[in-house]
Amino acid sequence: MTAFIALLRAVNVGGTGKLPMGELVAMCEGLGHDRVRTWIASGNVVFTSDQDAAAVKAGLEARLFAWAGKPVGVMVRTADEMRAVLQANPFAGQPGNRTVAIFLDAPPGEPDGIRNRKDEEIHPGAREIYVHYPGGMGQSKLVIPAAKAGTARNMNTIAKLADMADAIS
């Protein structure tokens, strides 16, 4: 069994995609995943599965499509991959609530088409884009077009999810 973290895109954020976490747990259990736990009500779920990452992603996206009637993006990482995201943070000296990783399905390369950049710092990762927001994400007008295909979590949340995944491994 492998410990996975699934990050749902645009769930319970800004009044969109209302998904009770109990329903998310039931969906995951219905797909055969074990030791299912959620973290805060924004689409973070940790579980173990004997499936590979591609099957986990496909199953959860299909279940969420049936629930929402539209695609809901899901980024999947193993416990080890999530820990690696945390360790690779190029802004490790900055506050965890002001630094995010934007999770993607594929390597980002150098982000193109960035607009409204002020003092934000951006760094590509393995399958993430790291962003440090000195003034806070809520105050930023930064637009990273590649981020539309992903979902962001701050370093505090990433650390908690990595710890949760380690605890169920």
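**Exercise 1. Find which residues Arg77 is in contact with, leaving aside neighbours within four places in sequence.**

Start with the ground rules: this is a predicted model, where local features need pLDDT of at least 70, side-chain atom pairs count only at pLDDT 80 or more, and totals for chains, interfaces and linings use all residues. Residues are numbered from 1 along each chain as its sequence is written, and side-chain values use heavy atoms, with hydrogens and water left out.

Step 1: look for heavy atoms within 4.5 Å, which is what contact means here.

Step 2: Arg77's side chain gets to the backbone oxygen of Leu104 at 2.8 Å, and to the side chain of Glu128 at 3.1 Å.

Step 3: check burial. At a relative accessible area of 1%, Arg77 is buried (under 20%; exposed is over 50%, partly exposed in between; 1.4 Å probe, protein chains only).

**Exercise 2. Work out which side chains of strand E8 (residues 151-154) are buried.**

Step 1: strands (E, at least two residues) are DSSP runs, numbered from the N terminus. Walk along E8 and you'll see the side chains alternate.

Step 2: find what sits across from Thr151: that's Phe103.

Notes
Helix = DSSP H or I, 4+ residues; strand = E, 2+ residues; numbered from the N terminus. Pairing = 2+ DSSP bridges. Polar contact = N/O pair within 3.5 Å; in protein donor to acceptor, adjacent residues only side chain to side chain.
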